[in-house]
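Subject: Structure for you to look at

Hello,

Here is the structure I said I would send. My notes on it follow below.

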Amino acid sequence: MLVVFFVMPFGIMVAVSFFRRQQGGFYTPDFVFSNYERFLTPFFGGVLGFSLMLAGLVAVVCVVLGFPFTFLLSRLHRRTQIVWLVALLSVLSLSEVIIGFAWSTLFSRTAGITNLLVAAGLMAEPVALLPGFGAVLTGMVYQALPYTILVLYPALARLDPTLLEAARTLGASPARAFLNVVVPALRDTILATVIMVFVFALGSYLLPQILGRPQHWTLSVLITDQAIYQSNMPFAAAMAVFLVLVSLSLVGLTLLIGRREAAA
Amino acid sequence: MTGRILRRAYLALIALFLAGPLIVVAGVSVNAKKTLLFPPQGFSLSWYGDIFTEPDWRGALVASLVLAALAAALAVAIALPLAWFLWRRVAPWARVFQLLGVAPFLLPPVITALGFLSFWATAGLYGQPWTAVISHAIFFVTLPLVTLSLGFAAVDRSLVEAAATMGADDRTVFRTIVVPLILPYLVSGYAFAFVLSLNEYIVAYMTVGFTMETLPIKIFNALRYGYTPTMASVTVLFVAMAAVVFGLVARFGDLPKLLGAWSAEEH
Amino acid sequence: MSGLVLESITKRFGSFVAVDDVAMSVPQGTFVCMLGPSGCGKTTLLRMIAGLEEPSAGRIVIDGEDVTGVPTHKRDFGMVFQSLALFPHLDVAGNIAYPLRIRGRSRTEQRARVDELLTLVQLPGLGDRQAANLSGGQRQRVAIARALALAPRLFLLDEPLSALDAKLREAMQVELRQLQQKLGITTIVVTHDQREAMTMADLVVVMGEGRIRQTAPPIEVYRNPADAFVADFIGSTNLLAVEADSAGRAIVAGAPVPDLAMPAGVTRAVMSIRPEDVHLTGPADATIRGRVTFVRDLGGTIETYVDMAGTAITAVATPRERPAVTVGDDVGIVLPAENCVVLAS
């Protein structure tokens, strides 16, 4: 029974990778390298570089914002924690479409934050905050932050409270203790989280498109674009394979860090 | 204590950041006219009504609910035997299955969506509504798998042995001892998968986007082709639904534990 | 031939031998205690009898029937686990009735039997309580009642009283024994507490390092330990090196022990004598002499530690026989021959 249930998903995965190798899908079931050759163009190189840089930036920002937050969260009363967790899960469940819609509204000229600021008298007139790099960054950080927090949560919730207490008795202020004790103690967790958020951010297929200009488009956007609008399945598949390899190697890295941490 | 104020302020700031867009969207959703304005001019709940009265929005709503309900059920149905198997046989090669179960979630959704697209297209089944159910189920199987693994881990093995000494064979043990004990985890796994399926866009789009519209797909299309505050009201509805479901899970189960903390008694 | 018979039972985990060629014959209605330090294989042996582990070699025969290959749920016995393993999702009655319920017995039959058992273990009327709301002793009894629900022919208990506090444990030992006598059921208890074994058992099986060292009634094991291991494990004892002199007398710490002869052909051995059998007198009144190194006055008993030319010996006496000695005194040590057991170490 189990075998049947497992052939299905497994089969799909295998079949999928099979297809990509063949550059099949919709068009000529041919075995060409031309799709992969396109990787070597400066255009693609630019997109790749930008995607990596953006994902990295998002990961760092999220962890920098999220780590202190998760730490504070884990120190709250259990009841309050539950309220926060429900809220975080609710935000996490939002699809990229909805987040894209919400932020595009928020950044728009007619229905956004600037309207609020104008109404409050802090600004002269409303302004469209998108499209732009800042908009893309904000949207992606918004998408990745709940994920970051929930990934950090187990480690911080299980953190030994006596570590901090010991630091306090030795004369460290709470902020000092946090920086000198908690952060180094969870160094591996932080690194692993940065990597996981990086992989997560790489998968943003809509936000760069809605909130940014074409120069802000990432690899995932291209994949979606090629697969659906340009009907160029093989190229999309090739890019996807590439993305998978990058993701898998990063995930593998995370596991290695985890193993090292467990052994320590 | 400046420390306390700083802490509160930080939490409040993050809260504002997270809630901000939702507040704006909520505001837009009650705008009187069919434009997106914030702060809203006039007040109208008609856009919420539209979800249920306008045929295409209602159709999309029904499609989403049915898809989510079936996909979550299938995900649980796949995850349960797997988790049970992993718990019974603590074998090293069983880890492979564990990894396989978690895999769909680790990769960017685009990839998975594309993978399913290729698969169904080649199988000649592209576009059938039930392919979305299977795709979603496999994509989300990680969630019930994780909650069930936690549930099984919490079951004292000596209970199974005791039942055996009293004459229960494997199936009876499963039916009378294991299932009652992991039921809360089963339910929460279903709840997670349900909510995420409801909101999910890209996999649904790539598998059945041309034949069937779920609400996220409809919102996206509306984004491109015509704004209407109904989009906003749907968003608010979704968030509210998610909050309710997760709230229920929290009410009847141990949410922090499900997410990785110690249980209340352990610490 | 009724009762339990184990033939050449061996259990290997990889290269580690947990149970080494164990043979045992338990007559119907006997109360057996398997006693030994942790890691000696007693729990593994019990689990093999229960079918929860498979022996690497050997046979298990219950009432003439070879059950070695029979799965656990088909063997007819009741078991109490160390953790009690009460089902948290069922109340007391649900737990006790479980074996009946899964066999499809009627509700009325279940209820009647539950009431009967609750009365037997002295917990009448507690059927609808949750296991978590019971005291340790009450949970213990529920576990016992549940194991006996189908009146099995074999009753197995794995360190059943280890989770209870000392006073309760002592009381339960007596109760368990009385229950067994009343029902006449063949019972095997695994424990590391020798007081428990002495209180409850008809037969004590002392195990060490996977092998049976001695099988005998409790007082036999105490008085006549089979070897140094048993002597040391049961109660406390003095283990003294003893040699034979040219005349075949036993020499301890350089001096002969009056009236004690070494077994024929044995020149060196180990001798066991219980501290309560060691008497202290004035230095001139005994052949063996020593010096007091420590006195421990516990109120009910006094322990005196004496050094005899490099060998330590402990004497225990009640206050009435209080030897008037302090640290540093020279004393004479009397080792009555009838209390000395020369052992094959």
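In what order do the elements of chain A run from the N terminus on? They run α-α-α-α-α-α-α-α-α-α-α-α-α. In other words, chain A has 13 helices and zero strands. Please keep in mind that this is a predicted model.

Two further points on chain A. It has 264 residues, and 42% of them count as buried. Among its contacts with a separation of 6 or more, 71% are between residues 24 or more positions apart.

How the chains meet

Two pairs of chains touch, and the pair with the most contacts is A and B. Chain B puts 62 residues into that contact and chain A puts in 61. On the chain B side, two or more residues come from each of helix 1 (2–29), helix 3 (55–88), helix 4 (94–106), helix 5 (109–122), helix 9 (170–199), helix 11 (215–225), helix 12 (229–252) and helix 13 (255–258) of chain B. Helix 1 of chain B gives the most, with twelve residues. Sorted by class, the side of chain B that touches chain A has 51 nonpolar, nine polar and two charged residues.

Chain C meets chain B through 16 residues of chain C and 16 residues of chain B. On the chain C side, strand 6 (78–80) and helix 2 (92–101) of chain C each supply at least two residues. That side of chain C holds ten nonpolar, five polar and one charged residues. No contact joins chain A and chain C; their closest C-alpha atoms are 23 Å apart.

Inside chain B

Eight residues of domain 1 of chain B are in contact with eight residues of domain 2 of chain B. The domain 1 side of that contact divides into five nonpolar, two polar and one charged residues.

Next, helix 2 (residues 46–53) and helix 3 of chain B. Their axes come within 5 Å and cross at roughly 70 degrees, which means that helix 2 of chain B is roughly perpendicular to helix 3 of chain B. Which residues meet there? From helix 2 of chain B they are B:Asp50, B:Ile51, B:Phe52 and B:Thr53, and from helix 3 of chain B they are B:Trp57, B:Arg58 and B:Leu61. The residues of this contact comprise four nonpolar, one polar and two charged.

Last, helix 6 (residues 129–140) of chain B. At 1.5 Å a residue, its twelve residues should span 16 Å, and the end C-alpha atoms are 17 Å apart, so the two values agree. Why can helix 6 of chain B be called largely enclosed by the rest of the structure? Because ten of its twelve residues are buried. The buried residues of helix 6 of chain B are B:Thr131, B:Ala132, B:Val133, B:Ile134, B:Ser135, B:His136, B:Ala137, B:Ile138, B:Phe139 and B:Phe140.

Regards

Note on methods:
Residues numbered from 1 in each chain as written. Chains lettered and ligands numbered in written order. Predicted model: local features only at pLDDT ≥ 70, side-chain atom pairs only at ≥ 80, totals over all residues. Contact = placed C-beta atoms within 7 Å. Helix = DSSP H or I, 4+ residues; strand = E, 2+ residues; numbered from the N terminus. Nonpolar A, V, L, I, M, F, W, Y, C, P; charged D, E, K, R; others polar. Buried ≥ 20, exposed ≤ 12 C-beta atoms within 10 Å, placed from the backbone. Expected span 1.5 Å × (residues − 1). Axes fitted to C-alpha atoms, helices over the stretch in contact; angles between N-to-C directions. Parallel < 35°, antiparallel > 145°, perpendicular 65-115°, else oblique.
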